[in-house]
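Dear colleague,

Please find the structure below, with the sequence alongside. My notes on what was found in it follow directly after.

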Amino acid sequence: MKLQRKNRLRATALGVIAVSSALALTACGSDNNTGGGTTGGTGGTASGATSNVKCDGAKGQVLASGSSAQKNAMDLWVKNYMAACKDAQINYKSSSSGEGIVAFTQGTVAFAGSDSPLKPEQVADSKKVCTGGQGINLPMVGGPIAIGFHVEGVDSLVLDAPSLAKIFSGKITKWNDEAIAKLNPGAKLPDLAIQAFHRSEDSGTTENLTKYLSATAKADWTYAPAKKWAAPGGQAASGSAGVAAQVKQTNGAIGYFELSYASSQSIKTVDINTGASAPVKASSANASTAIAAAKIAGTGKDLALKLDYTTKADNAYPIVLVTYEVACDKGNKAATLPAVKSFLSYAASADGQKLLTDASYAPIPSEINAKVVETINSLQ
């Protein structure tokens, strides 16, 4: 009986891994595509060992909320952490970056998840709850934004920033357009209308895509980067799940969503011609290469990153997203500080970051991550 029970527990744990890896990375920014949800409970480990988790006296309940982009990573981290630290409970509510920041600046959560760094006015608001300090940005989760396509008879496709800008702004309307054909010599491109899909609601995924287009195709993309889709034409769908569903079922479709949607639904993705020696595929490793070139734009303990969307480095996928954990550098509540530091330290650890690739995220590059770990240890 003990052996059977042990086997059942092992099967359950493995099942959690499989489901978490298959789940699509939910959308971010002002997204709420999962209907919210709280991560918590005291189940067994989701993946990997927990022997390296340092509880450091962590106890009690920690409330956190924000970006749904990191939900699947949070699910894994929380499950592993709470299996090791029995006296601590982490409850992360997957809502949206905006809602998380509001909750943080109002003092109702210990930390928040956000797909974009704090704005100056949000830093000012945070000083009201971070006694003697302020909110800081800790980059914790990276990931590629894939350009998914569905063109029957076409198995691989290369596009560049100008052609993407023209497609998503309605300036290129057929798949056999000369600009696409030039990038794909030998491909049998059909005389088929392009059906471009974008997000219907405010989205951090949209913001990061439009930051890329604004930086790399200024002549063809004349709209300011924003969470709200600004270009004319195209068709709107709700959430990354909705965009992915439309691309999968529509011949002639193209859209953008986090890589895990493409991976879990077998949607083909575009290779990006950045000017590197070869077009770059959307992958966790290639996203990490691009993020590694990011510069820290924050001051003091703030580790907000400035991404280089114009990179031409080999194997650097340029359309990426970084999700931050936002916490007080000073003035954290004494009751929750040990658990906050302990949990975030695990998430930023080698074990915590290792889980990200399996779930179609990109680990934060080691040089930047070392500063994240150092900063977490200094939280007061």
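The buried residues of helix α13 pack against β5 (135-150), α10 (284-292), β13 (305-306), α11 (337-348) and α12 (350-358). Contact here is heavy atoms within 4.5 Å; buried is under 20% relative accessible area, exposed over 50%, and partly exposed in between, with a 1.4 Å probe and protein chains only. Helices (H or I, at least four residues) and strands (E, at least two) are DSSP runs, numbered from the N terminus.

The model is predicted: local features need pLDDT of at least 70, side-chain atom pairs count only at pLDDT 80 or more, and totals for chains, interfaces and linings use all residues. Residues are numbered from 1 along each chain as its sequence is written, and side-chain values use heavy atoms, with hydrogens and water left out.

To finish with α13: the helix covers residues 366-377, twelve in number, and reaches 16 Å from its first C-alpha to its last, close to the 16 Å expected at 1.5 Å a residue. That expected span is 1.5 Å times one less than the number of residues. Ile368, Asn369, Val372, Thr375 and Ile376 are the buried residues of α13. Seen down the axis they fall within an arc of 120°, so they line one face of the helix; the arc is taken from the directions from the helix axis to the C-beta atoms. Ser366, Glu367 and Glu374, on the other side of α13, are exposed.

Ala292 belongs to helix α10 and counts as partly exposed, at 45% relative accessibility.

The loop between α12 and α13 holds Ser360. Its phi is near 65°, a positive value in a residue other than glycine, and Ser360 counts as buried at 11% relative accessibility. Asn315, in the loop between β13 and β14 (320-328), also is not a glycine and has a positive phi of about 60°. For context, most residues other than glycine have a negative phi.

Next, the overall figures. The protein has 380 residues, 53% of them buried, and its secondary structure comes to 13 helices and 14 strands. Of the contacts between residues at least 6 apart in sequence, 78% join residues at least 24 apart. The accessible surface is about 15,800 Å², and carbon and sulfur atoms account for 52% of that; areas come from the Shrake-Rupley method with a 1.4 Å probe, and for residues only the protein chains shown count as cover.

Which residues touch the most other members of the largest nonpolar core? They are Ile147, Leu164, Ile180, Ile254 and Ile319, in a core of 61 residues. Helix α5 (residues 161-168) gives the largest share of this core, five residues. A nonpolar core is a set of buried Ala, Val, Leu, Ile, Met, Phe, Trp, Tyr and Cys residues joined through side-chain atoms within 4.5 Å. Another core lies apart from it, with 38 residues, including Tyr81, Ala88, Phe111 and Ile136. Leaving aside residues up to four places away in sequence, Ile319 touches Gly143, Pro144, Ile145, Ile147, Leu164, Leu209, Tyr212 and Ile272.

Two of those contacts of Ile319, Leu209 and Tyr212, are among the buried residues of helix α7. α7 (residues 204-216) has 13 residues and reaches 18 Å from its first C-alpha to its last, close to the 18 Å expected at 1.5 Å a residue. The helix is mostly covered, with ten of its 13 residues buried.

Strand β9 (residues 253-258) is also mostly covered: six of its six residues are buried. β5 and β9 run antiparallel and are joined by six bridges, and Ile145 has Glu258 as its bridge partner in β9. Strand β7 (residues 195-199) runs parallel to β9, with two bridges between them; there Gln195 stands opposite Ala253. Strands count as paired if DSSP finds at least two bridges between them.

Last, Ser65 in strand β2 (residues 60-66). Ser65 is buried, with a relative accessible area of 6%. Beyond residues up to four places away in sequence, Ser65 touches Tyr92, Lys93, Ser95, Glu99, Gly100, Ala103, Val109, Phe111, Ala112 and Gly113.

Regards
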